[in-house]
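Hi everyone, thanks for coming along. Today I'd like to walk you through one protein chain, piece by piece. Have a look at it first, and then we'll start with one residue.

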Amino acid sequence: MPRSKTPCAAGDRPIVLIGPMAVGKSAIGQQLAQQLDTPFVDTDAVIVEGHGSIADIFASRGERAFREIEARTVARIIEAAAGTPTVVSLGGGSVLDSGTQQLLDRCTVVYLECDADTVAARIAKNSGRPLLAGDGIRRWKALFATRKPVYERLADIVLDVRQGTVPQLGLKLEAALCDFAAGKSPGSTTREINKTATTAAKGCAAAKQEVEK
């Protein structure tokens with residue numbers, strides 16, 4: 001039996017996850033979508049399906065061509081998700097596009113906050129990211145330093161993903177969305193989310209029980 005949507009978290013705006021490469025946007029996004037019983041879309045996966053591997057696009061056509069494909073793909077996905085709580089995972093650099101930034105005004109934007117230690121092992125295992133070729137962690141740090149202010153500016157909610165399993169982080173994010181939807185913490189900081197997560201999670205659980213009666 002599919003789970004009922006949580007009324008306080010599943011509103012009428014797409015939930016968009018942003019953050020640096022290898023932070024876990026796809027895994028956490030899939031987990032959240034399962035909890036909310038709502039669709040999940042990974043924009044990188046859609047690009048690969050339609051155009052081939054991202055590494056091949058970079059190699060054959062260059063980063064500029066990739067960014068154009070990415071911007072069009074993100075726009076199509078967000079426009080299709082309008083009016084629904086579809087969970088969308090964006091590529092790490094997609095938020096640099098001005099058109100994408102404007103589209104995110106129509107969404108609830110979640111920034112997955114981390115540091116280099118969080119992603120080091122994942123980067124070491126994954127050599128398929130063209131922007132991390134060579135000294136992957138050094139290049140990751142340089143990209144993150146440039147993009148971090150953009151992530152922070154666009155975010156409605158900031159979720160610290162340094163600790164916790166994917167299911168734990170999914171529940172914490174669902175609780176944060178409950179709190180945000182209630183109008184209690186617009187522009188929430190990581191500290192505020194951690195402080196209120198337990199209380200909000202109880203409220204979500206109670207709402208689910210009411211839906212299932």
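Here is a question to begin with: is Ala22 buried or exposed? Ala22 is buried, because its relative accessible area is 10%; buried means under 20% relative accessible area, exposed over 50%, and partly exposed in between, using a 1.4 Å probe and protein chains only.

Before going further, a word on where this comes from. This is a predicted model, in which local features need pLDDT of at least 70 and side-chain atom pairs count only at pLDDT 80 or more, while totals for chains, interfaces and linings use all residues. Residues are numbered from 1 along each chain as its sequence is written, and side-chain values use heavy atoms, with hydrogens and water left out.

Back to Ala22. You'll find Ala22 in the loop between strand 1 (15-18) and helix 1 (25-36). When I say helix or strand, I mean DSSP runs numbered from the N terminus: H or I with at least four residues for helices, E with at least two for strands. The C-alpha atoms of Ala22 and Trp140 are separated by 9.5 Å, although the two residues are 118 apart along the chain.

Now a word on backbone angles. Most residues other than glycine have a negative phi. Ala22 has a positive one, near 75°. Asp37 also has a positive phi, near 55°. Asp37 sits in the loop between helix 1 and strand 2, and it counts as partly exposed because its relative accessibility is 35%.

Let's zoom out. The chain has 9 helices and 5 strands, and from the N terminus they run β-α-β-α-α-α-β-α-β-α-α-β-α-α. Of the 213 residues, 47% are buried. Take the contacts (heavy atoms within 4.5 Å) with a separation of 6 or more: 78% of them are between residues 24 or more positions apart.

How are the strands arranged? The 5 strands form an open sheet in the order 2-3-1-4-5, with parallel pairing; two strands pair if DSSP finds at least two bridges between them. Strand 2 (40-42) and strand 5 stand at the edges with a single partner strand each, so one side of each has no neighbour in the sheet. On average, neighbouring strands are turned by 20° against each other, direction ignored.

Let's follow some of the pairs. Strand 1 and strand 3 (residues 87-89) are joined in the parallel sense over 3 bridges, and Leu17 stands opposite Ser89 in strand 3. Strand 4 (residues 108-113) and strand 5 also run parallel, with 4 bridges; Leu112 has Leu159 in strand 5 as its bridge partner.

Which residues cover the two sides of strand 5 (residues 157-160)? Ile157 and Leu159 lie on one side, Val158 and Asp160 on the other, and all are buried.

Helix 7 (residues 136-154) touches strand 1 and strand 4, and its direction makes about 140° with that of strand 4. Angles here run from 0 to 180 degrees between N-to-C directions, and axes are lines fitted to C-alpha atoms, for helices over the stretch in contact. Helix 8 (residues 166-181) lies across strand 1, strand 4 and strand 5, at about 155° to strand 5.

My last stop is a pair of helices. Helix 2 (residues 43-51) and helix 4 (residues 63-81) pack at about 115°, with axes 10 Å apart. Among the residues that meet are Val46 and Ile47 from helix 2, and Phe66 and Ile69 from helix 4. The residues of this contact divide into 6 nonpolar, 3 polar and 3 charged. For those classes, Ala, Val, Leu, Ile, Met, Phe, Trp, Tyr, Cys and Pro count as nonpolar, Asp, Glu, Lys and Arg as charged, and the others, Gly among them, as polar.

Thr73, in helix 4, is buried, with a relative accessible area of 2%. Beyond its neighbours within four places in sequence, Thr73 is in contact with Thr43, Val46 and Ile47. And what comes after helix 2? That is Gly52, with a positive phi near 95°.
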